[in-house]
Amino acid sequence: MDDQYLLSMKNISKEYFGNRVLKGVNLNVKPGEIHALVGENGAGKTTLMNILFGMPVIYSTGGFEGEIQINGESISIDSPHTAMNCGIGMVHQEFMLIPEFNVTENIKLGREIGEPTALSKIFGNLLEKMNWTQMSKEARKALDSIGMMNIDEYAKVAGMPIGYKQFIEIAREIDKTGIKLLVFDEPTAVLTEGEADRLLEIMRLIAKKGIAIIFITHRLTEVMAVADSMTILRDGEFVVRKDVKDITLTKIAELMIGRQIDKLVDDSLLASRDLSDNKIALEFKDYHVDMPGERVKGMNIKIREGEIFGFGGLAGQGKIGIVNGIIGLFDTQGDVFAFGKRLDLSKLGEALRNNIAFVSEDRRGVGLLLGESVERNITFTAMQIKDQFLRRIGPMKILDKAKADQHTREMIKLFDIRCTGPSQTAGSLSGGNQQKVCLARAITMDPKILIVSEPTRGIDIGAKKLVLEYLTKINREQGTTIVMISSELVELRSLCDRIAIVSEGKVFSVMKPDDSDAAFGLAMAGVREEEAV
Amino acid sequence: MNQKNDFFKKAGSFLFDNKVMIAFAAICLAAILLSGSPMTFIVDGVFTRITRNTFTVLALIIPVLAGLGLNFGIVIGAIAAQIAVFCVVYWGLGGFGGMLLSVLIATPLAVLFGYLVGKLFNRMKGAEMIAGLILGYFADGLYQLLFLVIIGGVIPVDNPKLIISGGMGVKNTIDLTGNLKYAIDSVRMVDIVTVVFYVVLAVTLIKIILHLLKKYQLNKGDFIFFGIFGLLFGISYIPEIEKFLSTDRLILLDALTAVLIVLAILELIKIIKSIWINKEPLKTLVKPIVTLLVYGLIYALTFIPEIEEVLSYVKLPVLPFLLIAGLCWFNQKILSTRLGQNMRTVGQSQSVAMASGIDVDKTRVIAMIISTVLASWGQLIFLQNIGTFSTYGAHTQIAQFAIAALLVGGASVQKATNKQAIIGVILFHTLFIVAPEAGKQLFDNAQIGEYFRVFVSYGVIALSLAMHAWTQFKKEVQPPTGGADLEIPALPAVTVKQQTLK
């Protein structure tokens, strides 16, 4: 019965360090069909593809459970090379091209055609002479077969438009003999609209030749336009496999997001607050951040005093850039006002001096001094900016050890940081406890605005709850304005007053936590509700 | 008008691309003028240095192409050569046979060392140069242990010429006169022709056997190849030519004439081919004809008395130059093989190479082995030409000087060619020869010239490394658009992010 499928992955489960990222997922693809694989960030799409390609990262973390069949035959794919031999190819999101090589060299990379020489007969095929005439002929054929007559097979790749690079990658996969299945991992993310349309056309062209395509994308409109069938994943679980003609855009969005919203925060804390549009804590006006991969391109939003405000959206759309711009790690343009005062973000520490504290998403890189003690980590920002925990002796400032120690112990108790004491190094703590240290440091600054970026990334459920509860607590008790940036919609919806969905570096829409799943799903995919019908 | 602009643009980019080389050429010229040394002295000195050092510099090219950077580890190849030289001298052997034996001893040692260095470099990706530099010092320590303590101490060696009179350790200098000195330089041309002929004969026979075994398809090229060498061998029996060939040195003037004749013949063959075989339009002939005229002009220049004097004064040892030419040919040829293509790919991006199924580590190890073996042969050529073997000093600075020479020729950490190596050797050693004299003329102190050349050799390495770091840094800041040297391939990188998300 499974014979109709070219590829079927059955009951695939995968654990990373005790964290189950895939739970019994099925994926079935027929020959010659375009099969979309959709899901939020973290739904398990990439892990599933890594398993399909036998990437080393899967085997170095203990392998996976489940079965992979090709044409009904069970196979074991233990390296990218085996995957290649099984006829599985991939068009990478980051191009696997060498700019200094020409198009032919890139298409034939690793699969060069050699002519035997007398020496190669004795010492093996490494000493074969390269046959460039034959190779350029085949490269030409591959390019022509995807309609790219205007790419010269002898041109250097460096300096070509991004779209061309993508097409060269595709030509390389097509050129492989016996290719049966091609995976496109977010191929349109980097393309202009015209290029993206061209790509979709080429995908149809390839599928017509009987090659199956797995199309991973966040752009649901493209799925509707080009795919034959689709599999939806959510939180590492298989949701549904459907033919595209039997489903609507709104339904897809709902299935991607749809889940119970756990009340992570105790209702008793929901005391009435006085939120008013007249009292603005933080305002962005035409705000740009030049952070590679997370660019913010002209953001306008006002955040009210005493509010918990969330930024959500897919990875790479710019939500991470917002906080990094304020910290001063990347160049910014436009204006940011804190309580009506314009911040000069070109000066490092400007935001800190204006009572804005942060918890960075890059805990180990930006957030912590891994080799230093918990105490130093909690106190050093306050020491630098506010001269706290210091004693003045003449012109010198000396660390007030007793005060710092006392404060650290209070924080350890407050956040339940599991450590041997204030002197343990931060690097040796678990992820959740490291996050608590970051939070403790931000609180030590006694901020009026607290910006937390991915506060629950990589920490266990208990610590997650504690962190979120504490954020709500200081918001309600001390009136601290909280800006929370998170990839987890559930989390945002559980405690934010308003949620801005960021798409392509701009605020796409500002939503209420109790808006429908479908509305959130569409907003994440960058589709207006009226377009969805 | 447009063409003119284009010309200026081209000239500008030529100047910019060759800035290091041009700057050095200018410094050399100034130093030559200042020193006031006679040209015969300078040219003779430069050619002696080319004989000694070019081979080692050329040994650096393959690691650069394979992305291993400048191979400071060639010191280890030199050590392999020196161990071999010591053995051969101890056994009392000499001459060309002794040299062949040194090669036979040095090569397996260098292969082993190269393999180990390559393995180490694979564990230190991105820090190969500093690893190579430190490894050179470490190897020097082991070498000293071997020569100072083990030889004569642990292994009893009874040879008053080699061992310090106290009874332990090898002497500071070993005289190679009478054994290995000029072992390569003094090979007569007629012997070279004979040996090459027999080698070609043997190769052709093997090819014929393979052909009969149906493992190899003989082609026209094989016979032409054999024919040329057979003809050369035959000509060498003509008495006049035999007399000319029976020396081991070639006057530079004759060498130049011979090279020009060979180049001119090749160019003529090209012209004939394009007219009668490919039937190309006459317009394509402009370039070869201009080239021919240039050759003629160069030949005419040799009749100017001053130039003729210099050219007839300098005498070249033939075999070392043939070996250098052979290595240039090898460096060129290896790039057209699958191995060469793999090396270039690995050199450009390890992650892309890995994703294309190339065994990155193996390719890098092979590159290191080739480089180490070539370096050991280079050191053998160096020692036999110098004639005295400074036991503890001969290898210590070979990496720095070879690398400095390569960089002066305009090479960088990622790109190096034969041409750059040869130009670099010429410029670097010209400066070495004239700097002390120029310093003396300018400051009345030869020591200052000496300082200057040391300053220059280290300065150029430092500058080149700093420029490399700068471009690397710039690359990292820009968003990766492919080809960026990410250690982790694209897929796992995303996975790591995802797994922490949960």
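**Exercises on a predicted model**

**Exercise 1.** Explain why helix H16 of chain A counts as largely enclosed by the rest of the structure.

*Solution.* In this predicted model, a residue is taken as buried if 20 or more other C-beta atoms lie within 10 Å of its own. By that test 13 of the 14 residues of H16(A) are buried, and the helix is therefore largely enclosed by the rest of the structure. The next step is its geometry: H16(A) covers residues 431–444 and reaches 20 Å from its first C-alpha to its last, which is close to the 20 Å expected at 1.5 Å a residue. Finally, the helix is followed by Asp446(A), whose phi is positive, near 55 degrees.

**Exercise 2.** Describe how domain 1 and domain 2 of chain A meet.

*Solution.* Begin with the bounds, which place domain 1 at 1–86 + 180–247 and domain 2 at 98–176. The C-alpha centres of these two domains of chain A lie 27 Å apart, and 10 residues of domain 1 are in contact with eight residues of domain 2. On the domain 1 side, the largest share, five residues, comes from helix H8 (residues 193–208) of chain A.

**Exercise 3.** Characterise the largest nonpolar core and the surroundings of Leu60(B).

*Solution.* The largest nonpolar core has 263 residues, and those with the most contacts inside it are Ile213(A), Phe215(A), Leu60(B), Ile74(B) and Leu406(B). Its largest share, 15 residues, comes from helix H17 (residues 360–386) of chain B. Leaving aside residues up to four places away in sequence, Leu60(B) touches several residues, including Ile74(B), Ser371(B) and Leu406(B).

Methods: Residues are numbered from 1 along each chain as its sequence is written. Chains are lettered from A and ligands numbered from 1 in the order in which they are written. This is a predicted model: local features need pLDDT of at least 70, side-chain atom pairs count only at pLDDT 80 or more; totals for chains, interfaces and linings use all residues. Domain bounds come from an automatic or database domain assignment. Two residues are in contact if their C-beta atoms, placed from the backbone, lie within 7 Å. Helices (H or I, at least four residues) and strands (E, at least two) are DSSP runs, numbered from the N terminus. A nonpolar core is a set of buried Ala, Val, Leu, Ile, Met, Phe, Trp, Tyr and Cys residues joined through C-beta atoms within 7 Å. A residue is buried if 20 or more other C-beta atoms lie within 10 Å of its own, exposed if 12 or fewer, and partly exposed in between; C-beta atoms are placed from the backbone. The expected span of a helix is 1.5 Å times one less than its number of residues.
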